[in-house]
Amino acid sequence: LIPSLLHEEGIRSIPSYITAIAKQCQVLFVENERTARRYLTILAKEIVIDNYEWFTMAVDDETAKAFRKKVSEGKTIGILSEAGCPGIADPGQQLVAIAQEMNVEVKPLVGPNSILLALMASGMNGQQFKFNGYLPIQNPERIKAIKELESESARKNCTQIFIETPYRNNQMFDALLSACSPSTKICIAVDLTSDKEFIKTRTVTEWKKDKPDIHKRPAIFLLYSPL
């Protein structure tokens, strides 16, 4: 399971041993072949991209069948997500589950994960937390979901983590400030591992006084409601 960049400026976040292991792979299952090829070229110019067998991941029977075939052939397979760590909120999970079923060795490699990096830097509860993926797009449903997450956070003393499509970040932030109680803490972690990385935790009241523009910037949102 080969970690990839969260941001094109974040190559320093990739451990050096990843390159050697990537070279050992014979087959690659990737979320996006174009960006995966570019990433491997950044890792090491001497990597011969066309030496790999390439498969694009999707959560479907065709991908599963191809993966089972390559495992049965005894190939060394690399799984490469579009960003961060494979198997975490992406199609790689399906292939890892198949590998476990087939009783073959699975090696998770160390690398950047936006969910954990944001949680680490938020100052929120790292003992109890929940990743919720994407919230509803339509505003009434979104507001309802936010209020439910806020209530659960207070009830279970847990940190709620979620994401949004970058071009809707500002709308999400506005919804949070509108729906949440003044004392609820919101953390936004933006452009992680890049030179423009921005991670701040503030109460809703504090954010309303100084609201940043995070339009089209990759972001993780965290919410914590005090008891």
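1. The largest pocket has a lining of 37 residues. Leu5, Leu6, Glu82, Ala83 and Gly84 lie nearest its centre. A pocket here is an open set of points on a 1 Å grid over the protein atoms alone, where a 1.4 Å probe fits, with protein on both sides within 12 Å along at least five of seven lines; lining residues have an atom within 4 Å of a point.

2. This is a predicted model: local features need pLDDT of at least 70, side-chain atom pairs count only at pLDDT 80 or more, and totals for chains, interfaces and linings use all residues. Residues are numbered from 1 along each chain as its sequence is written, and side-chain values use heavy atoms, with hydrogens and water left out.

3. The largest pocket holds about 950 Å³ of space. Volume means the space filled by probe spheres set on the points, which are joined across faces, edges and corners.

4. α2 (33-43) gives the largest pocket the largest share of its lining, 5 residues. α5 (114-122), β4 (129-134) and β8 (219-224) each supply at least two. Helices (H or I, at least four residues) and strands (E, at least two) are DSSP runs, numbered from the N terminus.

5. By class, the lining of the largest pocket has 21 nonpolar, 9 polar and 7 charged residues. Gly counts as polar here.

6. The second largest pocket holds about 430 Å³. Its lining has 20 residues, with Thr76, Ile77, Glu105, Val106 and Lys107 nearest the centre. β3 (77-80) supplies the largest share, 3 residues. This lining divides into 13 nonpolar, 4 polar and 3 charged residues.
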